[in-house]
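I opened the model to look up a few residues and contacts. My notes follow in the order I took them.

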Amino acid sequence: MAEKKMKFIEMTGSTLESMLDEKELKELSGAGVDDHSIVRVNQHGDIEVRRELKWDVIGGLLGDFEERIKKQTGFEWA
């Protein structure tokens, strides 16, 4: 049986910051994400940042995050 894999949309920290509200921005900066960080968001709204050896979950998005992400990045889940 085929294993279902989580889908993500990847982007830079600056792209993610451009679509966040105040509360979400505080979470992001507290996790050490800057403009050049590589981040990804899954279909549940979990935000992960790429570290040297692994991905770390650093928070989550609420509300219409799927629409915001697709509009801002032009990407689909991959």
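**Entry 1: arginine 68.** I began with arginine 68, which counts as buried because its relative accessibility is 18% and the cut-off for buried is under 20%. I note here that the model is a predicted one. I placed arginine 68 in helix α3. Then I listed what arginine 68 touches, leaving out residues up to four places away in sequence: Met19, Leu20, Asp21, Glu24, Leu61 and Leu62.

Entry 2: I stayed with helix α3, which covers residues 65–73. Which residue forms a salt bridge with glutamate 66? I found lysine 70, with the closest N and O atoms 3.0 Å apart. Both residues lie in that helix, four residues apart, which is about one turn. Glutamate 66 is partly exposed, as its relative accessible area is 34%. Lysine 70 is also partly exposed, at 24%.

**Entry 3: other salt bridges.** I noted that salt bridges with shared partners join Arg51, Lys54 and Asp56 into one network. In the bridge between arginine 51 and aspartate 56, I read an N to O distance of 3.0 Å. For lysine 54 and aspartate 56 I read 3.3 Å, again N to O. Arginine 51 has a relative accessible area of 32%, so I put it down as partly exposed. I then searched the whole structure for salt bridges and got six. As background, side chains of opposite charge can pair when their charged atoms come close.

**Entry 4: rings and charges.** How many aromatic pairs does the count give? I got zero. I turned to charges over rings instead. Arginine 40 lies over the face of phenylalanine 8, and I noted 3.9 Å from the ring centre. The charged end of arginine 40 also sits over the ring of tryptophan 55, at 3.9 Å from its centre.

**Entry 5: aspartate 35.** I found aspartate 35 in the loop that runs between α2 (22–30) and β2 (38–42). I recorded aspartate 35 as partly exposed, because its relative accessibility is 39%. Setting aside neighbours within four places in sequence, I listed its contacts as Thr12, Gly13, Ser14 and Glu17.

**Entry 6: the whole chain.** I counted three helices and four strands. Read from the N terminus, the order of elements is β-α-α-β-β-β-α.

Last, I looked at contacts with a separation of 6 or more: residues 24 or more positions apart account for 52% of them.

Notes:
Residues numbered from 1 in each chain as written. Predicted model: local features only at pLDDT ≥ 70, side-chain atom pairs only at ≥ 80, totals over all residues. Heavy atoms only, no water. Helix = DSSP H or I, 4+ residues; strand = E, 2+ residues; numbered from the N terminus. Buried < 20%, exposed > 50% of the residue type's maximum accessible area, 1.4 Å probe, protein only. Contact = heavy atoms within 4.5 Å. Phe/Tyr/Trp six-rings, centres within 6.5 Å; stacked < 30°, edge-to-face > 60°. Lys NZ or Arg CZ within 6 Å of the ring centre and 35° of its normal. Salt bridge = Lys/Arg side-chain N within 4 Å of Asp/Glu carboxyl O.
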